[in-house]
Amino acid sequence: MARAELDKQPTDVRRMFDAVARRYDVTNDVLSLGQDRRWRRDVIEAVDPQPGERVLDLAAGTGTSSQPFADRGAVVVPCDFSLGMLQVGKRARPALPFTAGDGTRLPFADATFDAVTISFGLRNIVDPAAGLAEMLRVTRPGGRLVVCEFSHPTWAPFRTVYIEYLMRALPPIARAVSSSPDAYVYLAESIRAWPDQRRLADQVAAAGWRSPEWRNLSGGIVALHRATR
């Protein structure tokens, strides 16, 4: 694929993530200037996993976001539709039960999980509304949803600088550190096209989740949305 397109054909997106799997975690650390570690900690605190709870970590990639749930005593299931990501993750974290699954057709029974979380993956699901509905289906009544996703900086001057970084600086940096730099052109374009904080909260509510709210991280570069089943 010469260039990632925004129509998000599942086969193309899956192939793209397969291609970046080997250096995915390193590249994310570089491109986010180390902020991704803080964002992962914020997700853990928002989910607040309790020992023995079942947590679905959707779009888990190599399991970097999943391991902290297991460290807290939760039963975490890392799920992703990229086999390349899952293979890299299984080699690094063999104790985790990596599971292949499409976000619009999750391979789990109704009301399986106490919490469902997805970090930087809802944007890549071909139909985000269907993905949110599937997450609702597999969550038990009273369970919780945490979505961590790129969003819109709240301070207008910084928003302009940020967009310039996405479109001008990010692709050259990605070419230097990534195994598939074209994927990061897709990343920049998909972030620009993604709805802002309130519109995403509205989509979460429309899928059937109760009391959606959000908290801005890093000035709104990322937003943490929470809701209950």
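What volume does the second largest cavity have? In this predicted model, the second largest cavity has a volume of about 30 Å³, and a search of the whole structure finds two cavities of 30 Å³ or more.

The lining of this second largest cavity is made up of Arg40, Val43, Ile44, Ser65 and Ser119, and by class it contains two nonpolar, two polar and one charged residues. Helix α3 supplies the largest share of that lining, namely three residues.

Helix α3 itself runs over residues 35-47 and has 13 residues; from its first C-alpha to its last it reaches 19 Å, which is close to the 18 Å expected at 1.5 Å a residue. Its buried residues are Asp36, Trp39, Asp42, Val43, Ile44, Ala46 and Val47, and among these Val43 and Ile44 also belong to the lining of the second largest cavity. An α-helix has 3.6 residues a turn, so residues three or four places apart point the same way. Just after α3, Asp48 takes a positive phi of about 55°.

| Property of the chain | Value |
|---|---|
| Residues counted as buried | 52% of 229 residues |
| Contacts with a separation of 6 or more that join residues 24 or more positions apart | 67% of such contacts |
| Accessible surface belonging to carbon and sulfur atoms | 53% of about 10,300 Å² |

Conventions. Residues are numbered from 1 along each chain as its sequence is written. This is a predicted model: local features need pLDDT of at least 70, side-chain atom pairs count only at pLDDT 80 or more; totals for chains, interfaces and linings use all residues. Side-chain values use heavy atoms; hydrogens and water are left out. Helices (H or I, at least four residues) and strands (E, at least two) are DSSP runs, numbered from the N terminus. The expected span of a helix is 1.5 Å times one less than its number of residues. Buried means under 20% relative accessible area, exposed over 50%, partly exposed in between (1.4 Å probe, protein chains only). Contact means heavy atoms within 4.5 Å. Accessible areas come from the Shrake-Rupley method with a 1.4 Å probe; for residues, only the protein chains shown count as cover. On a 1 Å grid over the protein atoms alone, a cavity is a set of points where a 1.4 Å probe fits but cannot get out, and a pocket is an open set with protein on both sides within 12 Å along at least five of seven lines; lining residues have an atom within 4 Å of a point. Grid points are joined across faces, edges and corners, and a volume is the space filled by probe spheres set on the points. Ala, Val, Leu, Ile, Met, Phe, Trp, Tyr, Cys and Pro count as nonpolar, Asp, Glu, Lys and Arg as charged, and the others, Gly among them, as polar.
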